[in-house]
Amino acid sequence: MKNRLNWKNIYQNPSFPSFLILIAIIILNASLQHNFFTYRTFKSNLLTFTPLILTSIAQGLVILVGCVDLSLGATVSLITVLMASLMGDSLLSIFIVVLLGSGLAILMSFVNGFLISYFGPPPLLTTYATSVLWFGIALFFMPTPGGYIPKSFSKMYRSDLFPNFPVVLLFLIGAFFILFFISRTRFYKHIYAVGGNEDAAYANGVNVFLTKIKVFLLSGVFIALASICVVAQTATGDARCGLSFSLNSVAASIIGGLSFSGGKGSIIGPIMGGLILGLLINVLYFANITSFYQEFMKGIIIIFSLAIGAIPKYLKTRSL
Amino acid sequence: MSFILEARNLKKSFDGVVALSDASFTLNQGEICGLVGANGSGKTTFARIISGLIKPDAGQLYLYGSQINLKSHLEAEKLAISMVHQNLSLVPEMTVWENINLGREIITPLGILKKEEALIRAEAAIQELKVNISLYDKVSQLAPSDQQLLEIVKALSRNPKILILDEPTASLGFKQVEILFEKLIQLKKDQVSVIFISHRIWEITRICDRLVAFRNGKTVGEVDFQQQPREERIIIPLITGKKENEDEKGIHEKRPYRNFDTRQVILEVDSLSKRDKLHNISFKIREGEVIGLGGLNGQGQEEILFILSGYLRKTSGKIKINNQEIIIKNPSQAIERGIFLVPGDRQKEGLFLNHNVFTNLVYPQVAQKKQKFILPLKELRQTVNTTIQKISLVPPDPRKLVSHLSGGNQQKVVIGKWLSLSPRILLLNDPTKGVDIETRKNLYKIIADLSNQGVSVLLYASDNEELIANCDRVLIVFEGQIVEEICGDRICEENLIASSLRVQ
């Protein structure tokens with residue numbers, strides 16, 4: 001019984017290319033931005049990246065089980081609308097509304113999971129349909145961005161818990177803790193089993209239906225966390241604010257080495273993918289590329305990252 | 001004596017296609033009962049019902065004397081019924097130990113997986129069958145035969161009282177089959193009951209105490225080896241439904257010796273190598289010759305076929321066709337030169353299951369470069385019709401969906417699609433894996449016909465009898481090298497086994 005952890009296993013790991021890209025992009029960013037390694041920059045970066053990282057984790061989990069969630073962005077939007085409509089100044093009201101919003105996010109994710117695993121339509125279409133639905137509801141309540149978020153709430157979010165320890169880091173640490181715990185459970189193995197080969201999972205006595213539902217519930221937790229971050233960051237409710245998360249989180253997951261068909265890759269991948277996409281916008285900004293070309297460059301770099309992500313697979317087929 | 005398991009009049013159909021129409025079956029405690037039948041006779045469907053994966057439309061199931069109604073696979077597992085699946089139930093991206101423990105992981109009250117215990121359990125399970133694999137390997141990295149063994153290991157590790165083996169030996173080498181049989185005999189002593197499904201009659205006659213035969217979803221007969229002799233001629237008529245004398249000749253008859261020395265060399269392979277897999281492979285095939293690749297499983301036979309058909313790249317060596325050196329970089333280049341591969345896994349690599357026979361048969365033609373922009377449908381239809389006649393497809397309907405054909409007829413389509421392109425060299429990768437006798441005969445006939453038309457054939461078969469029945473020469477591959485060439489009358493079971501094992 002020997003543990004085979006050799007070099008080959010590392011470079012053939014699906015997350016390995018994204019790790020290299022991450023290092024490269026950090027170096028690039030640091031060389032363009034002279035104050036990259038200061039606390040100020042660190043904190044402002046964290047504030048910008050956290051929602052994307054959290055949604056990427058949410059998406060990554062769903063992709064691991066062999067599904068995809070295109071409604072994730074619309075969920076975030078709807079939650080911000082809900083919170084901005086209901087939130088009052090008192091601490092109690094903030095607390096209750098945050099809980100309510102989180103609950104709704106998890107419930108919406110559950111609806112996706114239930115529709116997919118009970119009726120069995122393609123996840124892509126199901127979540128597209130629900131995303132249109134959520135977006136419609138959000139627009140109905142708030143056709144234009146607005147609502148009210150107490151200053152104290154967003155101030156709290158942007159403040160430091162201790163010196164050199166921003167509050168926003170708590171979200172990430174919380175997320176890591178949940179993932180660390182989950183990754184050691186039986187449930188985590190079942191995610192890979194269902195994503196990898198649903199029939200085989202069933203034939204081994206894994207409850208496929210329940211596993212998918214649980215994954216969507218868990219994904220909902222991360223969507224809820226992301227929504228709280230977004231609403232605290234922007235201090236408004238906006239029916240459109242989350243829409244870009246849907247596909248960006250998918251891109252982050254795939255860049256992070258997950259396989260779109262599921263069951264392959266590590267949940268660390270989407271986190272790195274999210275970081276890469278976040279830093280990418282930084283780099284484009286500091287490289288003085290005009291906003292007109294930014295989207296163009298972003299597209300090119302995402303394609304490039306995806307191509308690099310395919311290298312381990314290529315190496316494997318060559319060495320067959 | 002009461003039966004441990006009894007099935008009465010099981011019925012099951014899928015989308016209107018009847019898989020089981022009237023299946024009855026009994027199993028005693030501590031016996032190995034064979035289950036035989038042609039492809040599509042309902043064996044696998046039956047096994048899946050017993051193990052709770054699908055529910056029957058009608059019929060009763062009795063376990064330990066009382067009627068049961070299996071609602072899920074989990075329930076069957078609780079009743080100590082375990083199944084070795086034909087289409088493996090392994091998750092390819094998970095490791096060996098994860099797969100062995102899947103679905104019954106041991107956890108702490110907090111829900112955390114106990115990895116140490118899982119590893120110990122997996123290690124113990126692997127030792128049971130003396131399988132030489134690492135617990136940390138991903139299943140997708142294992143050879144097909146190791147995957148099959150792992151599947152068996154997994155089923156055994158659940159300590160079943162009833163074990164169902166659905167063609168467990170189809171991708172195993174004979175050494176591994178021996179180990180499996182030893183284990184089965186040991187299980188029998190421990191009063192475990194085994195249902196053994198196989199197409200290889202000699203395995204049934206060797207290991208089973210009794211056998212039940214299915215034909216077209218019906219139970220058609222039973223042979224008790226305690227009263228009847230263990231002979232093929234009793235069993236084969238049950239499977240085919242034809243009278244004994246028609247099969248008198250037997251299907252594994254040695255083909256007459258033919259001399260090819262005067263014929264033209266079609267394909268010449270010169271010191272072909274592939275890193276870690278093949279070393280200095282050299283051989284020649286003459287026009288119309290049928291050459292077999294023999295030896296233990298996974299010694300590099302498949303790699304030779306894959307390199308010749310362009311799926312793999314060689315590291316060094318030369319390939320010559322008609323004395324001209326050629327380079328094959330991808331399958332389409334191989335096809336251009338008239339080298340065609342008939343894959344082993346026909347459902348995965350050879351067919352578009354959801355398309356009809358016509359489209360399946362014209363794809364190779366349509367995929368060629370020299371094609372008109374608008375397809376000449378009329379001509380294509382004609383060629384397809386001639387092909388269907390040539391391969392004697394049943395039913396001869398080009399509009400039939402391939403997934404609705406029986407396994408044997410699917411196999412005919414896989415070969416048939418190349419015929420219209422007039423092949424020069426046909427590579428066959430274990431074409432009769434999991435194929436019933438009737439279809440085998442047909443396939444052998446197609447091979448013989450092609451060879452008579454001057455097509456050279458390179459056949460890899462895990463079944464020695466198949467090599468004996470078809471080949472003019474057999475090359476024995478061992479650890480990536482050709483170690484021996486057996487030709488003509490010397491091709492027989494003993495010689496093949498001896499050289500495969502490198503016993504002199």
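**Exercise 1. State which residues Gln33(A) touches, and where Gln33(A) lies.**

Solution. Step 1: contact means heavy atoms within 4.5 Å. Leaving out residues up to four places away in sequence, Gln33(A) touches Thr41(A), Asn282(A) and Phe286(A).

Step 1: Gln33(A) sits in the loop between helix H2 (16-32) and helix H3 (39-64) of chain A. Helices (H or I, at least four residues) and strands (E, at least two) are DSSP runs, numbered from the N terminus.

Step 2: Gln33(A) counts as buried because its relative accessibility is 7%. Buried means under 20% relative accessible area, exposed over 50%, and partly exposed in between (1.4 Å probe, protein chains only).

A note on conventions: this is a predicted model, in which local features need pLDDT of at least 70 and side-chain atom pairs count only at pLDDT 80 or more, while totals for chains, interfaces and linings use all residues. Residues are numbered from 1 along each chain as its sequence is written, chains are lettered from A and ligands numbered from 1 in the order in which they are written, and side-chain values use heavy atoms, with hydrogens and water left out.

**Exercise 2. Determine the place and the contacts of Glu31(B).**

Solution. Step 1: Glu31(B) belongs to the loop between strand S2 (17-27) and strand S3 (32-36) of chain B.

Step 1: with a relative accessibility of 7%, Glu31(B) counts as buried.

Step 2: apart from neighbours within four places in sequence, Glu31(B) is in contact with Thr26(B), Lys188(B), Val192(B), Ser193(B), Val194(B), Asp209(B) and Arg210(B).

Step 3: Val265(B) is 234 residues from Glu31(B) in sequence, and their C-alpha atoms are 53 Å apart in space.

**Exercise 3. Is Asn197(A) buried or partly exposed, and which residues is Asn197(A) in contact with?**

Solution. Step 1: Asn197(A) is placed in the loop between helix H9 (186-196) and helix H10 (198-203) of chain A.

Step 1: Asn197(A) counts as partly exposed, since its relative accessibility is 22%.

Step 2: when neighbours within four places in sequence are set aside, the contacts of Asn197(A) are Leu88(B), Leu90(B), Val91(B) and Pro92(B).

**Exercise 4. Describe how helix H4 (residues 72-86) of chain A crosses helix H6 (residues 123-141) of chain A.**

Solution. Step 1: two packed helices are described by the angle between their axes and the distance between the axes. Axes are lines fitted to C-alpha atoms, for helices over the stretch in contact, and angles run from 0 to 180 degrees between N-to-C directions.

Step 1: the axes of H4(A) and H6(A) come within 8 Å and cross at roughly 20°. The two helices are therefore roughly parallel to each other. Angles under 35 degrees count as roughly parallel, over 145 as roughly antiparallel, 65 to 115 as roughly perpendicular and the rest as oblique.

Step 2: the crossing of H4(A) and H6(A) is left-handed. A crossing is left-handed if the near helix is turned anticlockwise from the far one by less than a right angle, and right-handed if clockwise.

Step 3: Ala74(A), Thr75(A), Leu78(A) and Val81(A) of H4(A) meet residues of H6(A) including Trp134(A), Phe135(A) and Phe141(A). Ala, Val, Leu, Ile, Met, Phe, Trp, Tyr, Cys and Pro count as nonpolar, Asp, Glu, Lys and Arg as charged, and the others, Gly among them, as polar.

**Exercise 5. Describe how helix H7 (residues 151-158) of chain A crosses helix H11 (residues 208-234) of chain A.**

Solution. Step 1: the axes of H7(A) and H11(A) come within 8 Å and cross at roughly 110°. That makes H7(A) roughly perpendicular to H11(A).

Step 1: H7(A) and H11(A) form a left-handed crossing.

Step 2: Phe153(A), Ser154(A), Tyr157(A) and Arg158(A) in H7(A) meet residues of H11(A), among them Ile228(A) and Cys229(A). The contact has six nonpolar, two polar and one charged residues.

**Exercise 6. State how many disulfides a search of the whole structure finds.**

Solution. Step 1: a disulfide is a pair of cysteine sulfur atoms within 2.5 Å. The search finds zero disulfides over all chains.

Step 1: for Cys241(A), the nearest cysteine sulfur is that of Cys229(A), 12 Å away. Cys241(A) counts as partly exposed, at 23% relative accessibility.
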